[in-house]
Amino acid sequence: MASDDTAHAPESGDGGHDHYWYHGDKAALTRRLKRIEGQIRGIQRMVDDDQYCIDILTQISASTKGLQAVALSLLEGHLAHCVAEAQTSGDPTAAEAKVKEASDAVARLLRT
């Protein structure tokens with residue numbers, strides 16, 4: 001991973017605001033995360049209400065799959081935008097850092 005802050009710097013957006021590549025998909029990502037948040041709250045209620053353990057596990061599985069879908073979407077975008085941009089920048093150190101960053105993210109996702 002690069003040691004300076006430019007490795008994580010957002011792109012300059014319109015109106016002087018900085019944003020990352022997923023800015024255009026932010027509403028969809030937010031909807032998905034709110035849905036997952038609702039699932040988690042439902043799981044909490046199920047535990048509070050002493051629901052059957054298998055039913056709770058089923059809901060945990062659904063929430064986990066939802067988070068994995070969000071993670072995969074972000075990873076695909078990171079590869080398509082951040083890594084690809086670094087590869088075409090002509091800076092081999094930056095390109096290597098972005099590939100390593102993506103590889104480390106995949107490793108973290110696989111450990112969960």
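Biologist: Hi! Which residue just after helix 1 takes a positive phi?

Modeller: That's Asp50, with a phi of about 55°. Helices here are DSSP runs of H or I with at least four residues, strands are runs of E with at least two, and both are numbered from the N terminus. One caution: this is a predicted model, in which local features need pLDDT of at least 70, side-chain atom pairs count only at pLDDT 80 or more, and totals for chains, interfaces and linings use all residues. Residues are numbered from 1 along each chain as its sequence is written, and side-chain values use heavy atoms, leaving out hydrogens and water.

Biologist: Thanks. Where does Asp50 lie, and is it buried or exposed?

Modeller: Asp50 sits in the loop between helix 1 and helix 2. It is exposed, at 69% relative accessible area. Exposed means over 50%, buried under 20% and partly exposed in between, using a 1.4 Å probe and protein chains only.

Biologist: What's the overall pattern along the sequence?

Modeller: It reads β-β-α-α-α, with two strands and three helices. The protein has 112 residues, and 23% of them count as buried.

Biologist: Back to helix 1, then. Which residues are buried there?

Modeller: Leu29, Ile36, Gly42, Ile43 and Met46. Their cover includes helix 2. Helix 1 covers residues 26-48 and reaches 33 Å from first C-alpha to last, close to the 33 Å expected at 1.5 Å a residue. That expected span is 1.5 Å times one less than the number of residues.

Biologist: And helix 3, which residues are buried in that one?

Modeller: Ala95, Ala97, Lys98, Glu101, Ala102 and Ala105. They cover an arc of only 165° around the axis, so they fall on the same side of helix 3. The arc is taken from the directions from the helix axis to the C-beta atoms.

Biologist: What do they pack against?

Modeller: Helix 2, residues 53-88; contact here means heavy atoms within 4.5 Å. On the other side of helix 3, the exposed residues are Pro92, Thr93, Glu96, Leu110 and Arg111.

Biologist: Which side chain reaches the backbone nitrogen of Thr93 at the start of helix 3?

Modeller: Asp91 does, with a side-chain oxygen to within 3.1 Å of that nitrogen.

Biologist: Last one: how much of the accessible surface belongs to carbon and sulfur atoms?

Modeller: 56% of about 8,100 Å², with areas from the Shrake-Rupley method and a 1.4 Å probe.

How values were computed. Polar contact = N/O pair within 3.5 Å; in protein donor to acceptor, adjacent residues only side chain to side chain.
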